[in-house]
Amino acid sequence: MKYDIITLFPEIIKSYCSQSITKRGIEKGIISVNTHNPRDFSKDKHKKVDDTPYGGGEGMVLTCQPIFDCYNSIKKIETKEKYEFIMLSPQGEKFNQNIAKTLAKKEQIVFLCGHYEGFDERIRLALKPREISIGDYVLTGGELACLVLIDSISRNIKDYLGKDKSAHNDSFSDGLNGLLEYPQYTKPREYLGFKVPDVLLNGNHKEIEEYRRQESIKRTKTRRPDLLN
Ligand code: ADE
């Protein structure tokens with residue numbers, strides 16, 4: 001998977017991606033993460049990328065020219081079905097595990113991160129991005145949302161989590177029929193008087209599987225009853 005990120009703050013993306021599993025995914029060649037800064041494309045003598053809104057109002061709006069030129073400079077794969085262009089926006093469709101799984105089948109995703117009061121509307125009209133929101137709240141910029149998408153999409157790419165691991169039993173995933181994950185325990189057997197449930201110690205895989213399934217249902221019922229429908 002090739003991720004190309006249009007951002008005024010590339011260091012936010014680079015810093016996150018230089019750690020942990022994302023870093024390993026890049027080293028193993030399973031994903032690549034490239035940033036593109038619209039400021040580098042600004043034709044303004046002060047490298048301006050924003051301006052005051054027509055009609056008045058607070059804040060600054062990202063201008064068309066640097067974003068269009070930056071977008072056009074990115075080399076895109078030819079196969080349309082394997083390509084997606086996503087704008088991070090609180091007005092977009094709400095992100096979820098199903099979207100993550102579907103996007104994991106692409107070969108290239110270009111992300112457009114906003115900042116300030118938003119984008120000139122002509123960026124939406126002409127470039128027609130798919131708009132995605134990570135929730136009903138407003139962030140200062142799209143970078144955090146972009147990283148949320150990169151992380152959750154990548155988990156669904158083969159071998160990203162390591163050869164013997166998978167996202168199959170994550171909350172919301174197929175392995176759990178879209179339910180929340182069951183509780184996990186590790187050593188010691190007892191801590192502050194809380195004991196590991198006996199069933200997890202008896203080595204009976206069928207019983208353990210059934211216990212976990214029941215715990216998943218119980219959790220989902222109390223925390224997210226909406227998922228049971
Ligand atoms: N940019 C600002 N807020 C956002 C959100 N909730 N989701 C995606 N991008 C955003």
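The following legends describe close-up views of side-chain contacts in a predicted model.

**View 1. Salt bridge between Glu-11 and Lys-14 within helix α1.** The side chains of these two residues meet at an N to O distance of 3.8 Å. Both residues belong to helix α1, which covers residues 10-17, and they are three residues apart, about one turn of the helix. Glu-11 is exposed, with 54% relative accessible area, whereas Lys-14 is partly exposed at 44%.

**View 2. Salt bridge between Asp-69 and Lys-43.** The closest N and O atoms of this pair are 3.3 Å apart. Asp-69 has a relative accessible area of 25% and is partly exposed. Lys-43, at 68%, counts as exposed because the cut-off for that class is over 50%.

**View 3. Salt bridge between Asp-51 and Lys-48.** In this pair the closest N and O atoms are separated by 3.8 Å. Asp-51 is partly exposed, with a relative accessibility of 33%. Lys-48 is likewise partly exposed, with a relative accessible area of 35%.

**View 4. Network of salt bridges among four charged residues.** Glu-84, Glu-93, Lys-106 and Arg-130 are linked in this network. The structure as a whole holds 16 salt bridges.

**View 5. Aromatic pair of Tyr-3 and Phe-111.** The structure holds two aromatic pairs. In the pair shown here, the ring centres are 6.0 Å apart and the planes meet at 35°, so the arrangement is classed as tilted. Tyr-3 lies in strand β1 (residues 2-6) and Phe-111 in strand β6 (residues 108-112); the pair thus links distant parts of the chain, 108 residues apart. Tyr-3 and Phe-111 are both buried.

**View 6. Aromatic pair of Tyr-71 and Phe-85, with Lys-76 over the ring of Tyr-71.** The two aromatic rings form a tilted pair, with 4.4 Å from centre to centre and 40° between the planes. Because Tyr-71 lies in helix α3 and Phe-85 in strand β5 (residues 83-94), the pair ties together parts that are 14 residues apart in sequence. Tyr-71 is buried, with a relative accessibility of 11%, and Phe-85 is buried at 6%. The charged end of Lys-76 sits over the ring of Tyr-71, at 4.0 Å from the ring centre.

Terms used: Residues are numbered from 1 along each chain as its sequence is written. This is a predicted model: local features need pLDDT of at least 70, side-chain atom pairs count only at pLDDT 80 or more; totals for chains, interfaces and linings use all residues. Side-chain values use heavy atoms; hydrogens and water are left out. Helices (H or I, at least four residues) and strands (E, at least two) are DSSP runs, numbered from the N terminus. Buried means under 20% relative accessible area, exposed over 50%, partly exposed in between (1.4 Å probe, protein chains only). Rings of Phe, Tyr and Trp (its six-membered ring) pair if their centres lie within 6.5 Å; planes under 30 degrees apart count as stacked, over 60 as edge-to-face and the rest as tilted. A charge sits over a ring if NZ of Lys or CZ of Arg is within 6 Å of the ring centre and within 35 degrees of the ring normal.
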